[in-house]
Amino acid sequence: MLAAVLALALALAPPAPADPGAAPSPGEPGGPADGAGALVEAGRFDEALARLGRSTAPEARFLRGLAQVGAGADEDALGALAGLEVDLPELADRIAWLRGRALAAIGLRIEALAALGAVAPGSLVAGPAALERARTLADAGDPAAA
């Protein structure tokens, strides 16, 4: 009987408070990605990068890559985006689009076209990926294919 009462008490008890010394996770308020997305959206790439710090959390790496592409730090963005599809498969199309933009910016057109070609036609970034693909083909001297 005592065991049943204790089990019921544990089941109904509120969750234990979070450890105040524990670091917040990347997406939580106070985490490395907190506010960085809004800064990227506002075009404040350097501030977003400072907010993200050196976090290796997948969400922070994605936002870092996005900010670095926006800031023109394309080689750094490629590092941030490397292998990220494994950790964030729901963002694979956006990662491919960003990778394609970064590769095109540093002149790796064939690799850029391959990355941009990985964006599915129904993706939210299919339009921007198609535009980047056309620009890359035009820059490569093939405006007819663009």
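One definition before the tour. A salt bridge here is a side-chain nitrogen of Lys or Arg within 4 Å of a carboxyl oxygen of Asp or Glu. We will need that cut-off later, for one glutamate. And please keep in mind that this is a predicted model.

Start with the overall picture. The chain has nine helices and zero strands. Read from the N terminus, the order is α-α-α-α-α-α-α-α-α. There are 146 residues in the chain, and 33% of them are buried. The accessible surface is about 8600 Å². Carbon and sulfur atoms hold 61% of that surface. Now the contacts. Of those with a separation of 6 or more, 34% join residues 24 or more positions apart.

Next, helix α4. It has 14 residues. From its first C-alpha to its last it reaches 20 Å, close to the 20 Å expected at 1.5 Å a residue. Which residues of α4 are buried? Here is the list: Ala60, Arg61, Phe62, Leu63, Arg64, Gly65, Ala67, Gln68 and Val69. Note the two arginines in it, Arg61 and Arg64. What do these buried residues pack against? Their partners are α2 (36-41), α3 (45-52), α5 (74-81), α6 and α7. Just after α4 comes Gly72, with a positive phi of about 85°.

Phe45 is partly exposed, with a relative accessible area of 21%. Buried means under 20%, so Phe45 at 21% falls in the partly exposed class. Leave aside its neighbours within four places in sequence. Phe45 is then in contact with Leu39, Val40, Ala67, Gly70 and Ala71. Ala67 is one of the buried residues of α4. Another pair to look at is Phe45 and Leu63. They sit 18 residues apart in sequence, and their C-alpha atoms are 9.7 Å apart in space.

Now the charges. How many salt bridges does a search of the whole structure find? Four.

Pair one is Arg44 with Glu47. Their side chains meet at 2.6 Å, N to O. Arg44 is partly exposed, at 40% relative accessible area. Glu47 is partly exposed too, at 41%.

Pair two is Asp87 with Arg61. The closest N and O atoms are 3.7 Å apart. This pair links distant parts of the chain. Asp87 is in helix α6 (residues 84-87), Arg61 is in helix α4 (residues 58-71), and 26 residues separate them. Buried or exposed? For Arg61, the relative accessibility is 15%, so this residue counts as buried. Asp87 is partly exposed, at 43%.

Glu85 lies in α6 and Arg99 in α7, so the pair ties together parts that are 14 residues apart in sequence. Arg99 counts as buried, at 17% relative accessibility. Glu85 is partly exposed, at 24%.

Last stop, helix α9, residues 126-139. Ala126, Ala129, Glu132, Thr136 and Leu137 are buried in α9. Seen down the helix axis, these residues fall within an arc of 135°, so they line one face of α9. That set of buried residues packs against α7 (92-105) and α8 (109-117). After α9 comes Gly141, whose phi is positive, near 90°.

Back to that glutamate. Glu132 is in α9. It is buried, yet it has no salt bridge. Which side chain of opposite charge is nearest to Glu132? That is Arg135, 4.0 Å away. Remember the cut-off: within 4 Å. What else does Glu132 touch? Not counting residues up to four places away in sequence, the contacts are Arg101, Ala104 and Leu116.

Glu132 is buried and has none.

Key. Residues numbered from 1 in each chain as written. Predicted model: local features only at pLDDT ≥ 70, side-chain atom pairs only at ≥ 80, totals over all residues. Heavy atoms only, no water. Helix = DSSP H or I, 4+ residues; strand = E, 2+ residues; numbered from the N terminus. Buried < 20%, exposed > 50% of the residue type's maximum accessible area, 1.4 Å probe, protein only. Contact = heavy atoms within 4.5 Å. Areas by Shrake-Rupley, 256 points an atom, 1.4 Å probe, with all protein chains shown as cover. Expected span 1.5 Å × (residues − 1). Arc of directions from axis to C-beta. Lys, Arg positive; Asp, Glu negative; His and termini not counted.
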